Structures are given as C-alpha cells and as structure tokens.
Amino acid sequence: MYQLHIANKNYSSWSLRPWVLMKALALPFEESLHPFEPPAAGSLFHGFSPTGKVPVLIDGARTGWDSLAIVEYLAERHAQVWPGDAAARAWARCAA
Ligand SMILES: N[C@@H](CCC(=O)N[C@@H](CS)C(=O)NCC(=O)O)C(=O)O
C-alpha cells in the first residue's frame, strides 16, 4: 500500500494532483494529511519530505516527491495512468 503525504487540498493543488489520480484509479493508498500553515509548514514537512514540500509518495523503502514525478512513478506501475492513445496521452500530458 502506498502512503501519500499531502496538505490541504483546497490550497495545495500540488497535493491534489496525485490524490485525485490515485482516487480516480482506485489505487491503494493511505492518506497522511498535514496542516498547511506557511511559512512554518516547510520545516514540519522536512520530517517526511526530502524537499520540505508536499506531496510525497512513500512506496516501501522508496520516497518520491514532486507531483509530476509521483504521477510518472505511478504510471510505470499502473498502465491506466496515462491514456493508451498517443494523441490523447499527449493532450493529457499538456494538460498536466
Ligand atoms: N513542484 C512541486 C511543488 C510542491 C510545493 O510547492 N508544495 C507546497 C504546497 S502547494 C509546499 O509543500 N510548500 C511548503 C513550503 O514551501 O513551506 C510539486 O509539483 O510537487
């Protein structure tokens, strides 16, 4: 099971990106919601995030950060992340 560290989904669209994806595809994950109160947030986030930012995805011994890098990590493990059709995939990547 993945663990996804995020902040408030209203104010952290970066957090929202992998969260929406994983919910939409019903990928198994545990959500860890952290209070988002900048500028103090960053120092708290360093407890689990190499950059002090969210989102962060934990997969066993692996820690991944940056929302698009997380999406690409998931795409290598779950074929349904990006559309199969090349044109649709290109559009989806542009939109992301
Ligand atoms: N490029 C990063 C941006 C991550 C980012 O800036 N996250 C913000 C929340 S939206 C954060 O953690 N800020 C805490 C801080 O800077 O103290 C991504 O796509 O994940």
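A: **The sheet and its helix**

In this predicted model, strand β1 (residues 2–6) and strand β3 (residues 56–59) pair in the antiparallel sense, and 3 bridges join them. Within this part of the structure, L4 stands opposite L57 in β3. In general, the strands of a sheet pair through backbone hydrogen bonds, and the pairing may be parallel or antiparallel.

The pair formed by β1 and β3 belongs to an open sheet of 4 strands, whose order is β2-β1-β3-β4 and whose pairing is mixed. At the edges lie β2 (29–33) and β4 (62–65), each of which pairs on one side only. From one strand to the next, the twist averages 20°.

Helix α1 packs on the sheet and touches β1, β2 and β3. The direction of α1 makes about 145° with that of β1.

Helix α1 also has a helical partner. Helix α1 (residues 13–24) packs with helix α3 (residues 67–75) at an angle of about 20°, and their axes are 8 Å apart. Because angles under 35 degrees count as roughly parallel, α1 is described as roughly parallel to α3. The crossing of these two helices, α1 and α3, is right-handed. On the side of α1, the contact is made by W14, R17, P18, L21 and M22; on the side of α3, it is made by S67, L68, I70, V71 and L74. The residues of this contact between α1 and α3 comprise 8 nonpolar, 1 polar and 1 charged.

Technical notes:
Residues numbered from 1 in each chain as written. Predicted model: local features only at pLDDT ≥ 70, side-chain atom pairs only at ≥ 80, totals over all residues. Heavy atoms only, no water. Axes fitted to C-alpha atoms, helices over the stretch in contact; angles between N-to-C directions. Parallel < 35°, antiparallel > 145°, perpendicular 65-115°, else oblique. Left-handed = near helix turned anticlockwise from the far one by under 90°. Contact = heavy atoms within 4.5 Å. Nonpolar A, V, L, I, M, F, W, Y, C, P; charged D, E, K, R; others polar. Pairing = 2+ DSSP bridges.
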